[in-house]
Amino acid sequence: MHLFFLLPSTGFLGWQLRAMNSTLFIIGVIGNIISVLVFVSPIPTFWRLVRNRSTEDFEAAPYVLTLLNTLLWLYYGLTKPDGLLIATVNGFGAVMETIYVVLFLVYAADNVKRVKTAKLVAALDIGFFGIVFVATTFAIGGLDMKIIVIGLICACLSVFMYGSPLAAVRTVIASRSVEYMPFFLSFFLFLNGGVWAMYAILDRDVFLGVPNGIGCFLGGIQLVIYAAYKNSKVGCQSPNNDEVAYDASTSLLSSDDRRYGQNDVSIRV
């Protein structure tokens, strides 16, 4: 990608480089659009929480973790040359996740949940991210090593978040009901992972490619499981199942008495 700017020739090599650069940009823009749609998908659920002025039995942990993920990828995109498209979408995501976390603090069902959420934010979004930022800024010399360290941290966290919803697969197979695994969550896992994996391949970015390639594969597995059990009549549908299905980006982890969304954890580029 960088050779495009160093070798602006009019020959066959220059044409190839220009074509690859254009393709990379287009795929990156598509990835941004998909990711933005994923980031805004929880809005109907949060509107309901604001209307009721209570988070009820929902937990803030997935949103706090997603905020950390977007902050780390934003930092990676700003640090890496030509990482603009990675930075822009995660900058938007960080803003949206911050709003969601603030709403959890404001409308917490009780003071215990509010304190728990505040501690998570302090430990992960402020503490852990702060440590990564300070360590990579002052303790690591050289841009290449800095990118490697940040990229490894981002990749490891993303792999964990992509794999977390697989816990729902066991429940689906045991209950023979897909109400435990909303379609849109699996669909966005597959689509989001696939587009950004393709972007990473063209950009030769292993840190972006590995977690998103895994995410695409795991999302595909969930779609296959969904197709296998979608016509099963076992189990009753939850009245709020549609809302949870659309909450694909940062699905709310509910308490044990709720039967949906228990294993949904969001993923980001």
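Phe129 counts as buried, at 18% relative accessibility, where buried means under 20% relative accessible area, exposed over 50% and partly exposed in between (1.4 Å probe, protein chains only). The model is a predicted one, in which local features need pLDDT of at least 70 and side-chain atom pairs count only at pLDDT 80 or more, while totals for chains, interfaces and linings use all residues. Residues are numbered from 1 along each chain as its sequence is written, and side-chain values use heavy atoms, leaving out hydrogens and water.

The structure holds 12 aromatic pairs (rings of Phe, Tyr and Trp, the latter by its six-membered ring, with centres within 6.5 Å; planes under 30 degrees apart are stacked, over 60 edge-to-face, the rest tilted). Tyr75 and Phe129 form an edge-to-face pair, 6.1 Å centre to centre with 75° between the planes. This pair links distant parts of the chain, 54 residues apart: Tyr75 lies in helix 4 (residues 61-79) and Phe129 in helix 6 (residues 111-139). Helices are DSSP runs (H or I, at least four residues), numbered from the N terminus. Tyr75 is also buried, at 8% relative accessibility. Elsewhere, Phe46, Tyr63, Tyr100 and Phe104 make up one aromatic cluster.

Terms used
Helices (H or I, at least four residues) and strands (E, at least two) are DSSP runs, numbered from the N terminus.
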